Amino acid sequence: MKQGLILLVLILGACSIDAQELTRQDTLRGSITSERAWWDLNHYDLNVKIEPSKKFISGYNVVRYKVLEEAKTLQIDLQEPMKIESIEQDGKKLKFTSEGNAHFIKLKKKQVPGEFNEVKITYSGQPREAVRAPWDGGFSWKQDKNGNPFVATSCQGLGASVWWPNKDHMYDEVDSMRISITVPKDLMDVSNGQLESVEEIGEFKTYNWVVKNPINNYGVNVNVGNYVHFDEVFEGEKGPLKLVYYVLPENLEKAKKQFVQTPMMLQAFEHWFGPYPFYEDGFKLVEVPYLGMEHQSSVTYGNKFENGYLGRDLSGTGWGLQFDFIIIHEAGHEWFANNITYKDIADMWIHEGFTAYSENLYLDYHFGTKASEAYVVGTRSNIQNDSPIIGPYGVNKSGSGDMYYKGANMLHTLRQLVEDDDKWRQILRGLNKDFYHKTVTTKEIEDYLSKHTGKDLSAFFNQYLRTTMIPTLEYTLEGDTIKFRYTDVVQDFDMPVRVFIDGSEKWLFPNSEWKTEKLDGTQVIFDKNFYIETKKI
């Protein structure tokens, strides 16, 4: 494999569909069960004590919800080996049954539609330890170079229920959240949202964080270490936004130099995507003992304070060394993952395709369109076309890792079809405005893009999202006449393509049938910005 592909395999290792047979646990985890459907999340009050020396956590979560219809059983998720110790509602203990990681609470109180109720789940245990964070996640129990505990969570795909009890399905985001994390008093916790207060009790300190915006479960995190911090203010589209950076003391000076890319990122992404979606919760960049992750308003960072992906350029063009991959990619997820969130992980391309695409839009803003084009086209060497980008629904399985750079090149191709960069920018901003703080499906995104581009993109999306075929444009040239057609395409695929005839721009309109056309010249160059293959026969 090429060097870039080896690196991409490391990035995407957790994204491919498991070949193993799907189980009932997959369905309980990945579907909107009847025990989930009748209630709507409103607020979490999560309280957790972390004891690094024992790799042990304990605490409770108060789940506030709105009743949508009458029911008697409520599903809460918590993964083994964590144990639920008790569940209560209105001070009364409730019984529950467990089926693997799904727990079914037998409610005593009549659930009246329109009313808000709470359940309190008390729990404890030694949570799953991350094997290869963030792809094979859980708790990372590490130490810094001075021997201090350096602890962090990461759990996309695996699920937030690996360390705290919750409604662990992406379709229903909680509206707001309070996160209270208790740690040894010589350490600090950094979580999502704004720090409200710190309480010292004996040998421990509790850090109380408040999240005012909707948040997806895997976006919730704890980061525990001997942190120092510095901050600045970004003057953004919605006013002043406080940026706070938490790092280990020995990396403070390096961080001050490297993190200047954060306001540069915000400038570029507010231009392309619209205002940062979580002004009320601020923005933090937090050093962790793994590569990094898109935790909402608390983006985690472990890229060794250097440009590229651990110092490498995934595009092979040199442009990937003009930015810190983790700062740009993971923060890009604030718009696509945290603002616009998939309902089902089968549609994970909505997160990763748009965010991989954001890498070249960052370059476009700061270095120009030619740089961004070279970068995104360069990332095609990482595409494997091993399986479709969309995964199976209802079982918590994502599609192919090609969702990153095949997704990015699909969107880059669509930009060419729009032929109007201002219109394309307004479409991207419109997505983040019209789906603000919402969970979505692929169909909703497809329909939106078709409507606002004014093009029927059904076959376009079927081709790139649901097959592994790359459209191949076969052609013959005889003097000033070209004969051409598409092969390896789905039904009705007829995407036009830009060509240059003796340096002059022209559009061809191929489909699966042979067409013949006269040209004003004999030298034909196909525009590389379209994700197709060409074959002269």
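## A buried asparagine

Setting aside neighbours within four places in sequence, Asn223 touches Val151, Ala152, Met188, Asp189, Val190, Val286, Val288, Ser298 and Thr300. Asn223 sits in strand S15, which covers residues 223-225. Buried or exposed, then, for Asn223? Buried, because its relative accessibility is 0%, and the cut-off for buried is under 20%.

The chain's average pLDDT is 95, and 96% of the residues score at least 70. Where pLDDT is low, the predicted coordinates should not be read in detail.

## The core and Trp349

The largest nonpolar core counts 159 residues. Which residues have the most contacts inside it? They are Ile50, Trp163, Phe259, Trp349, Trp424, Leu431 and Leu449. Helix H7, residues 349-367, gives the most to this core, with 8 residues. In soluble globular proteins, nonpolar side chains tend to be buried together.

Take Trp349 from that set. Beyond its neighbours within four places in sequence, Trp349 is in contact with Phe354, Ile389, Ile390, Met403, Met410, Thr442, Ile445 and Leu465.

H7 is mostly covered, with 16 of its 19 residues buried. H7 does have a kink of about 25°, centred on Glu359.

H10 (residues 421-434) passes the same sort of check: its 14 residues should span 20 Å at 1.5 Å a residue, and its end C-alpha atoms lie 19 Å apart, which agrees. The buried residues of H10 include Trp424, Ile427, Leu428 and Leu431, along with Arg425 and Arg429. What do the buried residues of H10 pack against? Their partners are helix H5 (261-273), strand S21 (340-342), H7, helix H9 (405-418) and helix H11 (442-453).

## Strands around S14

Strand S14 (residues 204-211) pairs in the antiparallel sense with strand S11 (residues 176-184) over 8 bridges, and Val183 stands opposite Lys205 in S14. S14 also pairs with strand S13 (residues 194-201), again antiparallel, over 7 bridges. Here Ile201 stands opposite Phe204. The hairpin of S13 and S14 has 2 residues between the strands, and Gly202 takes a positive phi near 60° there.

Two cis peptide bonds are worth a look. One joins Glu80 and Pro81, with omega about 10°; Pro81 is in the loop between strand S3 (73-77) and strand S4 (83-89). Another joins Ala133 and Pro134, with omega about 0°, and Pro134 is in the loop between strand S8 (116-125) and strand S9 (138-143).

Positive phi values turn up in residues other than glycine too. Asn396 has phi near 60° and belongs to the loop between helix H8 (369-378) and H9. Asp502 has phi near 50°, in the loop between strand S25 (497-501) and strand S26 (504-508). Asp502 counts as partly exposed because its relative accessibility is 42%.

How values were computed: Residues are numbered from 1 along each chain as its sequence is written. This is a predicted model: local features need pLDDT of at least 70, side-chain atom pairs count only at pLDDT 80 or more; totals for chains, interfaces and linings use all residues. Side-chain values use heavy atoms; hydrogens and water are left out. pLDDT is the predictor's confidence in each residue, from 0 to 100. A nonpolar core is a set of buried Ala, Val, Leu, Ile, Met, Phe, Trp, Tyr and Cys residues joined through side-chain atoms within 4.5 Å. Buried means under 20% relative accessible area, exposed over 50%, partly exposed in between (1.4 Å probe, protein chains only). Helices (H or I, at least four residues) and strands (E, at least two) are DSSP runs, numbered from the N terminus. Contact means heavy atoms within 4.5 Å. Two strands pair if DSSP finds at least two bridges between them. The bend at a residue is the angle between axes fitted to the seven residues ending there and the seven starting there. The expected span of a helix is 1.5 Å times one less than its number of residues.
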